[in-house]
Amino acid sequence: MAGAIFLFVAVGVCVVGFLLIWLRHRDRSTFTSSVDRFDAEMSALRPPAGSGRRRRGR
């Protein structure tokens, strides 16, 4: 019986430690954080304004 109690205490300590580490290192998110991340990715893919490449119409 003492072994089972030790096992439950050890698992409980591990779970609490995991939750503390996860809470400390998670990304802070706001209401518009997903929109901001999408806009940052799109601006990284967008060509520079003065690149001189234009499409020709047919």
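V11 has its place in helix α1, residues 2–25 (helices are DSSP runs of H or I with at least four residues, strands runs of E with at least two, numbered from the N terminus). The model is predicted, so to speak with care: local features need pLDDT of at least 70 and side-chain atom pairs 80 or more, while totals for chains, interfaces and linings use all residues. Residues count from 1 along each chain as its sequence is written, and side-chain values use heavy atoms, without hydrogens or water.

**Exercise 1.** Find how many helices and strands the protein has, and what share of its residues is buried.

*Solution.* Step one: the protein has two helices and zero strands. Step two: buried residues are 2% of its 58 residues (buried is under 20% relative accessible area, exposed over 50%, partly exposed in between, with a 1.4 Å probe and protein chains only).

**Exercise 2.** Which backbone oxygen lies 3.2 Å from a polar side-chain atom of S33?

*Solution.* Look at T30: its backbone oxygen is at that 3.2 Å distance from the side chain of S33.

**Exercise 3.** Find the residue over the face of W22, then look for aromatic pairs.

*Solution.* First, R26 lies over the face of W22, 6.0 Å from the ring centre. Next, the structure holds zero aromatic pairs (ring centres of Phe, Tyr or Trp, its six-membered ring, within 6.5 Å; planes under 30 degrees apart are stacked, over 60 edge-to-face, the rest tilted).

Note on methods: Polar contact = N/O pair within 3.5 Å; in protein donor to acceptor, adjacent residues only side chain to side chain. Lys NZ or Arg CZ within 6 Å of the ring centre and 35° of its normal.
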